[in-house]
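Let's walk through a structure together, one feature at a time. Have a look first, then we'll talk.

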Amino acid sequence: MNLENLRNKMRPLLDTTMRSKILAAFAASFAFIYHFSFMWVFYSLGVLPMFYFNIGSVLLFVVIDGLVLSLKPMFFMHVISFVEVVVHQILAEYYVGSQADFHFFILLMGMIPFIVFFDKPKPSFFIGTISCALFVGIEIIAPSMTPVFQLDPRTVSIIRSINVSLFAIVILALITLFTLFVLFVENTRISEINEQAKKIQSQNERVISMQNNTIIGMANLVENRDVDTGEHIKRTSFYVKLLAEEARKTLEYKEVLTDKYIALLVKAAPMHDIGKIVVPDAILKKPGKLTLDEFLQIQRHTVEGARIVHEVLDDNSAPEYIKMASDIALCHHEKWNGSGYPQQLANFDIPVCARIMAIADVFDALVSIRCYKDSLSCEEAFKIIQTSSGTHFDPVLVDCFIKLRPKIEEYLKENHV
């Protein structure tokens, strides 16, 4: 059984209340057995004060045991136990002396009730130190006490046997207690780490959620400056997801387009035109043909988009998400034949995410009304996409997109496009 399995099995015992009950009940029960064992010794010796004292001790620890099991262990129970042990030690030294080696055993007995408070180190250390000091003091003055009875060797041997047996039980109990303490500390540490991890994860999720909402809001704001509807982002994200899932079925893309990649792609797609925020309205909404200078300013939105992505996301987002969002913003106007912008990338030099985004973006632009053009029919839009295969778009992705035509037409119909 490994440590984790042991910890799980012991977890109920590591509960603070249950642990205190078990340890306190053990101490009270052990004290009961100890005093009960010596009742007959003192009776046979005729030491009636010690005999009656042990009877009282037995009754005391029966009551304490009952209180411990029925109630939460309280500090006064341990104080009473401690006082009883001190009195017992003084009387034992006076009547019997050190012949029977009571001192080592009683010293341990004096500390047992307070070990119950091992999860409260300061009071445990304080009370344990006082108990040790008291018993050491008793042992120092013990020689000046004249024992009332001199024990015969047989009686001494019996008493020592009882002491040794019970002493062994105490040692085993202390080992068990130490094991529980180690498990308790480890369990507490793991619980604290897990709790802290949950808090950090929750905080990160809130930050990421706020960040995503901000990004989507910015993207919508940009799109609303450029088009007549606010649905461009939703539609292109839908096309991107459909196309990526279809392309995953092909030999060329089945290794690249994993579930994680597609999830990041759909999440990053709304940022493809974020750079248009730097383009003046006069150019962005111009109904006529753009001049060369105006077209060059439009082209700037790809580079500016990549820059904005890094400025907004670098501190809090995963590196792979930042790279994908940046690639989409920068490269979604690149063309398969290398005639696109801003870097004139060609073929497989264009990131996969940007190749997918390019088809989705162009198709939605074709079927949508813009300030400089009317919308085209689905038939015309799909024809343009197909004829641009191998020039503007990746041929494999175009074939996949054409296969999606029924789903896309149904989607557009449902959304009244």
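Q: How do I read contacts along the chain, and what share join residues at least 24 apart?
A: A contact means heavy atoms within 4.5 Å. Among contacts here between residues at least 6 apart in sequence, 71% join residues at least 24 apart. Mind that this is a predicted model, where local features need pLDDT of at least 70, side-chain atom pairs count only at pLDDT 80 or more, and totals for chains, interfaces and linings use all residues. Residues are numbered from 1 along each chain as its sequence is written, and side-chain values use heavy atoms, leaving out hydrogens and water.

Q: And salt bridges: how many does a search of the whole structure find?
A: You look for a side-chain nitrogen of Lys or Arg within 4 Å of a carboxyl oxygen of Asp or Glu. The search turns up 14. In one of them, Asp364 pairs with Arg235, with the closest N and O atoms 2.5 Å apart.

Q: Is Asp364 buried or exposed?
A: Buried is under 20% relative accessible area, exposed over 50%, partly exposed in between (1.4 Å probe, protein chains only). Asp364 is buried at 0%, and Arg235 is buried at 6%.

Q: What about Lys286, which salt bridge is it in?
A: Lys286 meets Glu294, 2.7 Å from N to O. Lys286 is partly exposed at 22%, while Glu294 is buried at 16%.
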